[in-house]
Amino acid sequence: MNEIKKGPFDDDPNAREIIDIFHQMYYYSSEKTWENSFWLGYPTLKCPLDMWIYQEILCKIQPEVIIETGTYCGGSTLYLAMICDMLKKGDIISIDVEEIKERPFHPRIKYFQGSSIATDTIKIVKHFISARKKIMVILDSDHSKKHVLQELKIYSQFVDVSSYLIVEDTDFNGHPVKPEFGPGPMEAVEEFLKSNPHFSIDYSREKLLLTQNPKGYLKRIS
Ligand SMILES: C[S@@+](CC[C@H](N)C(=O)[O-])C[C@H]1O[C@@H](n2cnc3c(N)ncnc32)[C@H](O)[C@@H]1O
């Protein structure tokens, strides 16, 4: 069984408490900050600190393809595409069950409507990847443990060594927000890692302290 490494603050309850309180303030603020953030006018359900980390990962990995499950309004997708523009590399396939008409157009983005775990979707994703090798995956769709675990099993196969499989919103179910949510992304990650030694949590990606993806930056190590 693969043992999950401890995080940098797991043995420092004072630091953990300060980070968690700030996290909860950010999440539950009267301005509803996390639901009220935009990239060039498009709603984006991401903490800007995580978006900075995405930029650092993209620069380091230089992926040829980014797979995003859970498009919503396309703000995060456009952000990724614009970083790819600056790197002069990378296309994105973004998958969502819902169609939202006002999503941004960008030549590097392909939107696909369907469930992220449906057979047809996987076929389209494989076709989109084609012969390209450097693949990065972001899981940000249905956040139930069952769904995320299915996504992890399916999409982990596409990620090459040294690239990332990022699981969003591992902060649900009391880690430290939405304690009422029930088993979600964090619990899926924990179960996935137990039997998958090819991935390891990259805690260095939590260096900005507030992240909506604690233990969610998974790096392929073998
Ligand atoms: C958290 S939002 C995505 C946020 C977006 N990535 C961002 O950062 O702005 C989750 C999205 O997942 C979609 N979704 C829910 N279940 C899904 C499924 N089974 N397959 C694909 N998308 C799904 C929802 O329609 C919703 O738009």
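These legends accompany several close-up views of one predicted model and its ligand. Because the model is predicted, local features need pLDDT of at least 70 and side-chain atom pairs count only at pLDDT 80 or more, while totals for chains, interfaces and linings use all residues. Residues are numbered from 1 along each chain as its sequence is written, and side-chain values use heavy atoms, with hydrogens and water left out.

View 1. A polar contact is a pair of N or O atoms within 3.5 Å. An N or O atom in the side chain of Lys-46 is 2.9 Å from an oxygen atom of the ligand. From a polar backbone atom of Tyr-72 to an oxygen atom of the ligand, the distance is 3.4 Å. Ser-115 places a polar side-chain atom 3.2 Å from a nitrogen atom of the ligand. The ligand taken alone exposes 610 Å², and the protein buries 86% of that; these accessible areas come from the Shrake-Rupley method with a 1.4 Å probe.

View 2. Where does Leu-45 sit in the fold? Leu-45 is found in the loop between β2 (42-43) and α2 (48-61); helices (H or I, at least four residues) and strands (E, at least two) are DSSP runs, numbered from the N terminus. Leu-45 counts as partly exposed because its relative accessibility is 27%; buried means under 20% relative accessible area, exposed over 50%, and partly exposed in between (1.4 Å probe, protein chains only). For a sense of scale, Leu-45 and Pro-8 are 37 residues apart in sequence and 26 Å apart in space, C-alpha to C-alpha.

View 3. Tyr-72 is not a glycine, yet it has a positive phi of about 55°. This residue belongs to the loop between β3 (65-69) and α3 (75-87). With a relative accessible area of 40%, Tyr-72 is partly exposed. Lys-215, also not a glycine, has a positive phi of about 60°. Its place is in the loop between β8 and β9. Is Lys-215 buried or exposed? Lys-215 is buried, because its relative accessible area is 18%.

**View 4. A cis peptide bond.** The peptide bond from His-175 to Pro-176 is cis, and its omega is near 10°. Look for Pro-176 in the loop between β7 (164-167) and α6 (185-194).

View 5. Asp-202 lies in the loop between β8 (199-201) and β9 (217-220). Asp-202 counts as buried because its relative accessibility is 13%. Between Asp-202 and Glu-64 there are 21 Å in space, C-alpha to C-alpha, and the two are 138 residues apart in sequence. Glu-98 lies in the loop between β4 (91-96) and β5 (109-113). Glu-98 is exposed, with a relative accessible area of 52%.

Methods:
A polar contact is a pair of N or O atoms within 3.5 Å; within protein, one must be able to donate a hydrogen and the other to accept it, and residues adjacent in sequence count only if both atoms are side-chain atoms.
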